[in-house]
Amino acid sequence: MRDFWFACGHHLLDREEGGGLVVTDEFLKVYLARPELAPPPEACTVEKTLHAALLAEPRRAVSKSDIAAIADADARENWSFMIAFRDHLIRHRTLESAYLDLVRNGAGSTPPLFLNQLVHVILRNALDGCEEPLVLRAAEIFFRPQRLTLHDGSLIAADEETIGGTGATPASPLVSMLGIPAQADIDVLNDDNAHLYWEHSDLFHSAIDLTAGRNGLAALASVIQRWIGHVMAIEVDVEPLTQMHDVNLTWYVGLDADATRIGDALWNGENLSEATQAQVVGLFRLTFHDPHIVLQQVGQEPVYLILAMSQAKVIRMKPQNLITGLPIHQLDMVS
């Protein structure tokens with residue numbers, strides 16, 4: 001079995017009997033290596049002492065007064081976010097349950113960066129054993145923004161930070177330690193170069209063809225199916241559609257903010273402009289294996305999933321919408 005996404009830190013986590021990820025001290029130490037938390041030379045003694053103490057004992061209790069004693073205001077804010085997030089992780093049995101709690105009860109002040117990192121490592125666990133590079137590339141859409149472009153009639157998605165040359169998100173400490181370059185050439189993943197994905201999976205430098213009717217959207221449908229099965233323990237089938245005609249939106253889930261807006265407009269019977277229609281990247285039909293868990297008003301009707309790009313041609317997927325938006329009851333039981 002080939003490894004991938006090494007930099008997400010999955011190898012630093014333990015697995016519980018059910019397959020969920022269990023946080024370890026080694027995993028927590030990676031956060032302490034982040035540039036936002038590593039004390040600069042001019043940091044005060046309190047900050048340096050706190051950092052050293054946590055490196056030795058990552059689960060050590062840290063009080064509000066400990067953080068308030070740090071001289072630098074930005075450092076105090078960073079430590080507040082980090083300690084709150086760390087405490088949330090170690091309060092839960094698995095990273096999956098910690099993520100579900102954040103999604104269902106509100107992320108509060110948890111930085112989006114931390115949420116994306118959770119999705120990254122949980123999705124790595126869900127896809128463990130996957131031997132299809134195209135599926136793994138499609139999965140990157142879950143936790144990294146994608147910039148879309150039309151090229152020779154094809155809709156191509158590439159990693160926004162990679163093509164920008166500079167990441168708005170600071171590199172993972174593991175990326176730095178592994179010496180992974182921040183920039184790389186970009187190629188559209190295809191049958192001829194798919195084998196290269198394994199070696200470069202942490203570079204995020206391959207693009208994917210998301211043209212309707214082609215394999216990219218089918219690969220993304222496969223990822224959605226596995227994500228729901230892993231995180232929510234619900235078996236579903238997900239298939240990509242090529243047209244929106246004759247779709248009865250009994251229930252829909254927008255996979256990003258723009259898709260939700262488009263779904264709302266369709267639900268309200270509004271006509272979409274050509275420009276708005278062009279924002280729709282993917283439409284999927286989801287059906288449940290067990291109809292008994294589905295809300296009565298939906299019954300055996302399919303659920304439609306909409307993926308869209310912004311007017312700036314960027315996809316910022318919200319996988320949490322798959323958890324909060326599906327028409328199921330007795331949510332606690334199935335998770």
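Me: The crossing of H5 and H6 is left-handed; what makes a crossing left-handed?

Reply: The term applies when the near helix is turned anticlockwise from the far one by less than a right angle; clockwise would be right-handed. H5 and H6 have the left-handed crossing. The model is predicted, with local features needing pLDDT of at least 70 and side-chain atom pairs pLDDT 80 or more, while totals for chains, interfaces and linings use all residues. Residues are numbered from 1 along each chain as its sequence is written, and side-chain values use heavy atoms, without hydrogens and water.

Me: Why are H5 and H6 called oblique to each other?

Reply: The axes of H5 (residues 95-105) and H6 (residues 112-126) cross at roughly 135° and come within 10 Å. Under 35 degrees counts as roughly parallel, over 145 as roughly antiparallel, 65 to 115 as roughly perpendicular, and the rest as oblique. H5 and H6 are therefore oblique.

Me: Which residues make the contact of H5 and H6?

Reply: With contact meaning heavy atoms within 4.5 Å, H5 contributes Leu95, Glu96, Tyr99 and Leu102, and H6 contributes Leu115, Leu118, Val119, Val121, Ile122 and Asn125. Eight of these residues are nonpolar, one is polar and one is charged (Ala, Val, Leu, Ile, Met, Phe, Trp, Tyr, Cys and Pro are nonpolar; Asp, Glu, Lys and Arg charged; the others, Gly among them, polar).

Me: Which element gives the most to the lining of the second largest pocket?

Reply: E9 does, with four residues. By class, the lining has 17 nonpolar, eight polar and two charged residues.

Conventions: Axes fitted to C-alpha atoms, helices over the stretch in contact; angles between N-to-C directions. Helix = DSSP H or I, 4+ residues; strand = E, 2+ residues; numbered from the N terminus.
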